[in-house]
Amino acid sequence: MLRVLLVLWVISVSPLSAAKVTDFHVGVLANWGNQQATERWSPMMRYLEQQVPNTRFHVYPGNFAALNAAMEAGKIQFIVTNPGQYLYLSNQYPLSWLATMRSRRHHGATSAIGSAIIVRADSQFRTLYDLKSKQIVASDPYALGGYQATVGLLHKRGLDPKSFFKKVSFLGFPLDPLLYQVRDGFADAAITPLCTFEDMVERGQINAEDYRILNPSKPQGFDCQCSTRLYPNWSFAANESVDISFTKPITRALMDLPADHHAAIQAQLTGWTAPISQLAVIKLFSDLHVDTVGVNRWELFSSWLDENRHWGILAIFIFLVATVYHLWIEYRFHQKSESLVESERQLKQQEIALERLQSAAIIGEIGAGLAHEINQPIAAITSYSEGAIMRLQNNQPIDVAAGLALLEKIHQQSTRASEVVHRIRGLLKRKEAVMSDVNILTLVDESIALLRLELVQRDIIIETKIKGEPFFITADRVGLLQVLINLIKNSIDAIEVSERTLAGRIRITMHFKEKQVDMAIIDNGTGISQASSALIATFFSTKKEGLGLGLAICHDVVKEHKGDFKLQNRVDAQGCIVRLSLPKRGCDTHAITPS
């Protein structure tokens, strides 16, 4: 009779006991796909069921978005993920860490999350800076090891992640396609979590020799290379809706998990430890200004306005006054801008007028040389024409060949005179710069020819020296000719007033380099008695009849040609050196005069 009653009691109690079994769903981040995540974490669920009576645990794999949605819908009560997602969820749902994973690799390290930036081994990329404006692939924008750790590295280097890369494509999970994209040339680099590269090599999916890790580091005791700093490992977190009667034994079970247990081996960990500080992740998100909670700013403002209405009215009044003041300032600024533009236009016109005046002054100084140059072709023309007239008057026969030769000589001399006149007129009529390809050697020869008479009269020897392979420059021919004449004329004047015992000498050197030509005009005159900055200033002159415009115009013209201009005394002897540098044709960089 007792046995019958006992059997009836067991049968009646058994359904009640079965009804007390509690089902829990544990969300796990599926880096390598849902199937792999399920296989990895199912033994851990069986272990927890053995340690915590009347419970049943189910693996709920997914990516970041899927786990966020599952938590919001109440489909999962626990989550195993990285600190980045935990911080995001903990600002929206009441979560608490139960334990932090100790990685089976890296001797049980608790900080084992970081990024590896991987490129092809045959690429030209050697440093992080080489990836500027390149195509990048990553797993997810919210992946701590798959992207955010690299963003933190860029931020630390002073680079803006939003503009540094040309494009970042997020491929999601699993992680295999990231390196395949790099291998096949569809992406320049891949941002992968720590050990992704080593895992794929170990499984035979890729060859290690085909890839290279940028900014590599391998902390002591670690098995994998990393490009960024390391952050806390994955942790086991519980929603606070789970009763403490379950969280306490679950936490105890996690802490007691042996390293050699099948669940630990399958989950790739050596056990669990107490939750470690997330300060490094919090600081990373703070530096990157990561928004973890969606806040309705209008509601906050409305609430504040209701509580502080008088301050709100004052703030609105100040805003209106500031707006009116800003508009008034902008109106006044617009007026002043127009006035400044007009003043600049007038100054430009005055500058052109002064430049014409300087040109006229220079032409006046070389008038004697001009007369000498023109006098020779005119005298030759007169001689040839008089000889022809005398033959015709004396009825002397002139054959066609002799007549043509005579006319050709007359034509050559008239052309020579015309060229001299045109060069001088070009200096006088210069208005706007006309850039063209110019041979600097020809300009130097023309400048010397215009001043030849003064050089002869004052017994001054001038010589030129060329180094390197000559090339054309892009310049305003007339403006540059004016500069050379002015500088050579200054050297002539300095030699004339100097107390010299040796013959006056001017040496013009031209050094043709890869991207510029360096020219130096060296004389043995009096040298300079003032600072070069003062001599270059407008209206400053050391000559009694000087206008103080020559060197100022020379300096401005050289600057217009993206060149450089320096003035200094010689150190080897008495005299002055004028150095100027001009860029080669087609070169966009400014020329720099060597010291």
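User: Which residues does the UniProt annotation "transmembrane region" cover?
Analyst: According to the UniProt record, an unreviewed entry, the annotation "transmembrane region" covers residues 311-329. Keep in mind that this is a predicted model.

User: Is that span helix or strand in the model?
Analyst: Residues 311-329 are 100% helix and 0% strand.

User: Switching to pockets. How much space lies in the second largest pocket?
Analyst: The second largest pocket holds about 690 Å³ of space.

User: What lines the second largest pocket?
Analyst: Its lining has 33 residues, and those nearest the centre are R40, L194, C195, D199 and Q268.

User: You mentioned R40. Where does its charged end sit?
Analyst: The charged end of R40 sits over the ring of W234, 5.6 Å from the ring centre.

User: What lies over the face of F471?
Analyst: That is K584, at 5.2 Å from the ring centre of F471.

User: OK, rings against rings. How many aromatic pairs are there in the whole structure?
Analyst: A search of the whole structure finds 12 aromatic pairs. In one of them, F24 and F57, the ring centres are 5.5 Å apart and the planes meet at 35 degrees, so the pair is tilted.

User: Why is the F24 and F57 pair said to tie parts together?
Analyst: Because F24 belongs to strand β1 (residues 22-29) and F57 to strand β2 (residues 55-62), the pair joins parts that are 33 residues apart in sequence.

User: Are F24 and F57 buried or exposed?
Analyst: F24 has 5% relative accessibility, so this residue counts as buried. F57 is at 0% and therefore also counts as buried.

User: What about F236 and W272, how are they arranged?
Analyst: F236 and W272 form an edge-to-face pair, 5.9 Å centre to centre with 80 degrees between the planes. The pair links distant parts of the chain: F236 is in strand β12 (residues 235-239) and W272 in strand β13 (residues 269-273), 36 residues apart. Both F236 and W272 are buried.

User: Which residues do ring pairs link into a cluster?
Analyst: The cluster consists of F24, W41, F57, F78, F236, F246 and W272, linked by ring pairs.

Methods: Residues are numbered from 1 along each chain as its sequence is written. This is a predicted model: local features need pLDDT of at least 70, side-chain atom pairs count only at pLDDT 80 or more; totals for chains, interfaces and linings use all residues. Side-chain values use heavy atoms; hydrogens and water are left out. UniProt positions are given in the numbering used here, feature names are shortened, and annotations may be inferred rather than shown by experiment. Helices (H or I, at least four residues) and strands (E, at least two) are DSSP runs, numbered from the N terminus. On a 1 Å grid over the protein atoms alone, a cavity is a set of points where a 1.4 Å probe fits but cannot get out, and a pocket is an open set with protein on both sides within 12 Å along at least five of seven lines; lining residues have an atom within 4 Å of a point. Grid points are joined across faces, edges and corners, and a volume is the space filled by probe spheres set on the points. Rings of Phe, Tyr and Trp (its six-membered ring) pair if their centres lie within 6.5 Å; planes under 30 degrees apart count as stacked, over 60 as edge-to-face and the rest as tilted. Buried means under 20% relative accessible area, exposed over 50%, partly exposed in between (1.4 Å probe, protein chains only). A charge sits over a ring if NZ of Lys or CZ of Arg is within 6 Å of the ring centre and within 35 degrees of the ring normal.
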